[in-house]
Amino acid sequence: MPELPEMCGSGQVRVDNRCVSCHAGTYYDGQKDQCVLCPNGTYQTEEGQIVCEICPAPENRDSPKHVGARDLSECGGLCPPGEFSVDGFRPCDPCPPGTFQPEAGRTSCFSCGGGLATRHSGASTFHDCETKVQCSPGHSYNTTTHRCIRCPVGMYQPEFGQNFCISCPGNTSTDFDGSTNITQQCGGELGEYTGYIESPNYPGNYPANTECTWNITPPPKRRVLIVVPEIFLPIEDECGDYLVMRKSPSSNSVTTYETCQTYERPIAFTSRSKKLWIQFRSNEGNSAKGFQVPYVTYDGKSHRGVEINETAK
Ligand SMILES: [Ca+2]
């Protein structure tokens with residue numbers, strides 16, 4: 001039987017004998033002991049809260065609002081993309097010709113730059129600026145030279161006809177310039193019930209001088225079960241490329257798995273620690289297909305028998 005906590009945490013209600021956080025757009029009302037939609041004129045972006053935030057709105061102005069707003073843009077009354085006003089609220093004016101505004105609630109529009117015109121007023125993206133050429137994804141338009149330029153390493157652009165590239169999140173980077181996609185990066189924070197990690201460009205060969213770091217933090221009271229179906233690393237590389245899984249980045253923490261060789265028989269094991277730190281590194285020469293490694297998390301209490309340390313074959 002699951003234990004019944006005496007009290008749920010702040011901003012939580014009891015549902016079927018479990019404590020559940022109130023959703024975004026709601027708050028916990030202590031008198032009613034339930035989650036209540038944020039009233040007109042307020043919003044809440046986070047779950048498990050006990051109050052809603054007041055929507056910013058000009059005084060003495062009737063802005064249309066609705067209940068249960070989950071962020072500022074749902075407060076109502078904001079100028080939509082392609083429009084602006086002195087305070088970002090209605091009434092709004094369309095962006096004049098030669099300018100655009102991609103976001104809601106803004107007080108000005110961006111110039112297309114380089115003397116470029118728009119086909120119409122009220123433009124909401126740089127795409128509406130009349131460029132001499134239409135840039136492909138992975139490129140940005142330079143309004144000085146009127147040419148498309150490849151996004152530099154560490155940046156990417158997934159869309160056509162843009163005038164900027166987007167920086168990679170955190171301390172991740174791209175392998176090449178001209179990147180179109182955020183999934184070209186590797187590594188990250190994993191906390192779901194199941195998932196997988198894979199080497200960059202899998203099932204193609206991974207690039208040289210790559211470093212990917214993942215952290216798996218399973219949901220509460222769950223442990224991590226890893227399956228390595230197969231892994232391909234060049235043997236002639238003298239352990240230049242390797243995959244390691246251990247408790248933490250510290251090299252003397254408990255190591256769960258480590259290899260720098262091809263291994264074509266599946267291996268399954270559970271992490272001895274609750275969290276798992278995983279790193280893949282490749283050196284300059286010799287590449288290979290790498291790996292795609294699924295993980296699942298399981299209830300550490302009810303499946304105590306699943307203590308598989310290494311089941312080869
Ligand atoms: Ca190598």
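I began with Gln 279, which counts as buried because its relative accessibility is 8%, buried meaning under 20% relative accessible area, exposed over 50% and partly exposed in between, with a 1.4 Å probe and protein chains only. I note that this is a predicted model, in which local features need pLDDT of at least 70, side-chain atom pairs count only at pLDDT 80 or more, and totals for chains, interfaces and linings use all residues. Residues are numbered from 1 along each chain as its sequence is written, and side-chain values use heavy atoms, with hydrogens and water left out.

I then looked up the side-chain partners of Gln 279 and found a polar contact of 3.2 Å to the side chain of Glu 211 and one of 3.1 Å to that of Thr 213; such a contact is a pair of N or O atoms within 3.5 Å, where, within protein, one must be able to donate a hydrogen and the other to accept it, and residues adjacent in sequence count only if both atoms are side-chain atoms.

Next I placed Gln 279 in strand β23, strands being DSSP runs of E with at least two residues, numbered from the N terminus. Strand β23 (residues 276-281) pairs with β20 in the antiparallel sense over five bridges, pairing requiring that DSSP finds at least two bridges between two strands. Trp 277 of β23 is the bridge partner of Arg 246. I also found β20 paired with β21 (residues 255-259), again antiparallel, over four bridges, with Tyr 257 of β21 as the bridge partner of Met 245. In β20 (residues 242-246), four of the five residues are buried.
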